[in-house]
Amino acid sequence: LASEGAAVAVLDRADAADVVKEVEQAGGTAIAVRADLTDGASVIAAQKEITTRLGPATILVNNAGIYPNQPFEGMRFEDWRAVFTLNVDALFHTAQAFVPDMRAAGWGRIVNMTSNSINLVIPGFSHYIASKMAVIGLTRALATELADAGITVNAVGPSLVRTATAEAGPAAFFDIVPQLQAIKRVQVPDDLTGTISFLASDDAAFITGQTFWVDGGLVRS
């Protein structure tokens, strides 16, 4: 997005200085903003800081998520809620905070990250799978409600992506999942950026409420 000319704000409850540095080294503009996406007040504060430093935000990419491996039997309700609080509730908070600026501008793009795990159902991820189904439902609902303001809302569903978080899970998944794909290699973050950038552009002005599977051909429908 920065390479396409967007000024980027990276929201994280940890320090995102490394991401900002990467963007700046590539010639883009970025700032790091501390925010707990599960806390509505924290997100509102972040929105105000971004507006002050960069101006109103009209592109929102919801990319935060967790996916602990926990069998349903023995799962505590607190574990279930922790996944939904970040994977779903955070989207509520960010949309509530940033949609008003998009509506005022008459233009906006929201891209929500879901997962092809809703089609490739692996035991131990019932809370994660349910939360990612909820993301698709919210995407469709917001697409309908916000279309009159020139705001599109779409979802992108990757396969198993090689990230630090994923590598903390079962190593066997990196052997199993690629074999179920048409493109039989492990997905990397750069495989997603083109689709996200497209959905955030004017070229995608007539696309909304859709889920795009960017997963190497695992989902073929």
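Is E49 buried, partly exposed or exposed? E49 is partly exposed, at 32% relative accessibility; buried means under 20% relative accessible area, exposed over 50%, and partly exposed in between, with a 1.4 Å probe and protein chains only.

The model is predicted: local features need pLDDT of at least 70, side-chain atom pairs count only at pLDDT 80 or more, and totals for chains, interfaces and linings use all residues. Residues are numbered from 1 along each chain as its sequence is written, and side-chain values use heavy atoms, with hydrogens and water left out.

**View 1. A salt bridge joins the side chains of R53 and E49.** The N to O distance is 2.8 Å. A salt bridge is a side-chain nitrogen of Lys or Arg within 4 Å of a carboxyl oxygen of Asp or Glu. R53 and E49 lie four residues apart in helix α2 (residues 40-54), so about one helical turn separates them. Helices (H or I, at least four residues) and strands (E, at least two) are DSSP runs, numbered from the N terminus. R53 is partly exposed, with a relative accessible area of 46%.

**View 2. R81 and D89 form a salt bridge.** Their closest N and O atoms are 2.6 Å apart. R81 has a relative accessible area of 28% and is partly exposed; D89 is partly exposed at 25%.

**View 3. D148 and R103 form a salt bridge.** Their closest N and O atoms are 3.6 Å apart. This pair links distant parts of the chain, 45 residues apart: D148 is in the loop between α4 (126-146) and β5 (151-158), and R103 is in helix α3 (residues 77-105). D148 is exposed, with a relative accessible area of 64%.
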